[in-house]
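Below is a short briefing on one protein chain. Please look over the sequence and the structure before reading on.

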Amino acid sequence: MSVSEALEAGGISPFPSSNKRQAIQGALQRLIVIGRLEAGTPLVETQLAAEFGSSQAPVREALMKLQEAGLVVRNGYRGTVVATTSMDEAREMVAVRLRLETSGARRAVAGFDQEMRDRLAGLIAEMEAAAESEDLFALTELDRAFHLAIFERAELPSLEPILTRCFLHVHRAALANPARARSLLQSARWHWPIVEALGSGCPDRAAAALAEHVNNVIEGMPPLAGDEPE
């Protein structure tokens with residue numbers, strides 16, 4: 001699917017914005033994460049500029065940001081293409097998430113208060129609304145915001161960019177997985193046990209709730225290469 005076709009199919013049209021780079025980056029990231037733009041799809045700066053009614057400078061900046069996130073590959077004169085997220089990479093990133101988030105949950109328990117509970121509850125409500133409107137990308141963005149809100153309380157800011165990158169690629173692989181069977185609303189509501197565990201004041205319970213949640217992400221995913229039974 002071309003960029004033009006993906007924009008039309010995704011209901012995304014050029015729109016005025018005070019920050020063109022952010023608008024272009026956000027639109028392309030949405031299309032890549034939900035699979036409208038497949039790996040290897042060329043992203044030509046001049047064509048993108050025409051699609052978004054922009055000069056090439058914001059397009060180039062957006063593509064550089066997407067490259068930093070690992071969503072595109074820029075090959076100099078050979079151009080830019082949508083990057084690949086393999087299932088093996090996604091499963092390895094789930095392992096990274098598991099390590100970071102369970103540790104973060106243990107640390108976050110001490111800072112869990114009513115303000116944080118309200119914030120997390122609000123994000124779950126927004127996730128439920130996104131699920132009911134079948135907005136996959138919005139649901140993944142809110143999911144990321146939920147998990148990062150918890151990790152912020154762990155006070156490990158240098159690790160947040162690693163976790164953010166993991167979210168992007170795991171979500172991309174999960175949405176492309178034909179074995180994904182749970183409903184979107186169910187995915188949204190599965191965040192409540194984490195809130196309750198954090199509120200219990202028990203670090204072990206919080207870590208266990210996070211671990212169970214993250215492990216559900218790889219449900220139905222093929223095993224890592226080399227992990228298949230002989």
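Is the crossing of α7 and α10 left-handed or right-handed? The crossing of these two helices, α7 and α10, is left-handed. The structure is a predicted model.

**The chain as a whole**

- The protein chain contains 11 helices and three strands.
- Along the sequence, these elements follow the pattern α-α-β-α-α-β-β-α-α-α-α-α-α-α.
- The protein chain has 230 residues, and 43% of them count as buried.
- Take the contacts in the protein chain between residues at least 6 apart in sequence: 75% of these join residues at least 24 apart.

**Helices α7 and α10**

- Helix α7 covers residues 136-152 and helix α10 covers residues 192-199.
- The two helices pack with their axes 12 Å apart, at an angle of about 15 degrees.
- Angles under 35 degrees count as roughly parallel, so α7 and α10 are roughly parallel to each other.
- On the α7 side, the contact is made by Phe-146, His-147 and Ile-150.
- On the α10 side, Ile-194, Val-195 and Leu-198 make the contact.
- By class, the residues in the contact of α7 with α10 are five nonpolar, one polar and no charged.

**Helices α3 and α4**

- Helix α3 runs over residues 45-52, and helix α4 runs over residues 56-68.
- Their axes are 9 Å apart, and the helices pack at an angle of about 115 degrees.
- Angles of 65 to 115 degrees count as roughly perpendicular, and α3 and α4 are therefore roughly perpendicular to each other.
- The crossing of α3 and α4 is right-handed.
- Glu-45, Thr-46, Leu-48 and Ala-49 are the residues of α3 that meet α4.
- Their partners in α4 are Gln-56, Val-59, Arg-60 and Leu-63.
- The contact of α3 with α4 divides into four nonpolar, two polar and two charged residues.

**Gln-29, in a helix**

- Gln-29 is located in helix α2.
- Buried means under 20% relative accessible area, so Gln-29, at 10% relative accessibility, counts as buried.
- Leaving aside neighbours within four places in sequence, Gln-29 is in contact with Leu-66, Leu-71, Phe-137, Glu-141, Arg-144 and Leu-168.

**Glu-38, in a loop**

- Glu-38 sits in the loop between α2 (20-33) and β1 (42-43).
- Exposed means over 50%, so Glu-38 counts as exposed because its relative accessibility is 52%.
- Not counting residues up to four places away in sequence, Glu-38 touches Val-82 and Arg-172.
- Glu-38 and Thr-84 are 46 residues apart in sequence, and their C-alpha to C-alpha separation in space is 8.1 Å.

**Cysteines**

- A disulfide is a covalent bond between the sulfur atoms of two cysteines.
- A search of the whole structure finds zero disulfides.
- Is Cys-166 buried or exposed? Cys-166 has a relative accessible area of 5%, so Cys-166 is buried.
- Cys-202 counts as partly exposed because its relative accessibility is 30%.

Notes
Residues are numbered from 1 along each chain as its sequence is written. This is a predicted model: local features need pLDDT of at least 70, side-chain atom pairs count only at pLDDT 80 or more; totals for chains, interfaces and linings use all residues. Side-chain values use heavy atoms; hydrogens and water are left out. A disulfide is a pair of cysteine sulfur atoms within 2.5 Å. Buried means under 20% relative accessible area, exposed over 50%, partly exposed in between (1.4 Å probe, protein chains only). Axes are lines fitted to C-alpha atoms, for helices over the stretch in contact, and angles run from 0 to 180 degrees between N-to-C directions. Helices (H or I, at least four residues) and strands (E, at least two) are DSSP runs, numbered from the N terminus. Angles under 35 degrees count as roughly parallel, over 145 as roughly antiparallel, 65 to 115 as roughly perpendicular and the rest as oblique. A crossing is left-handed if the near helix is turned anticlockwise from the far one by less than a right angle, and right-handed if clockwise. Contact means heavy atoms within 4.5 Å. Ala, Val, Leu, Ile, Met, Phe, Trp, Tyr, Cys and Pro count as nonpolar, Asp, Glu, Lys and Arg as charged, and the others, Gly among them, as polar.
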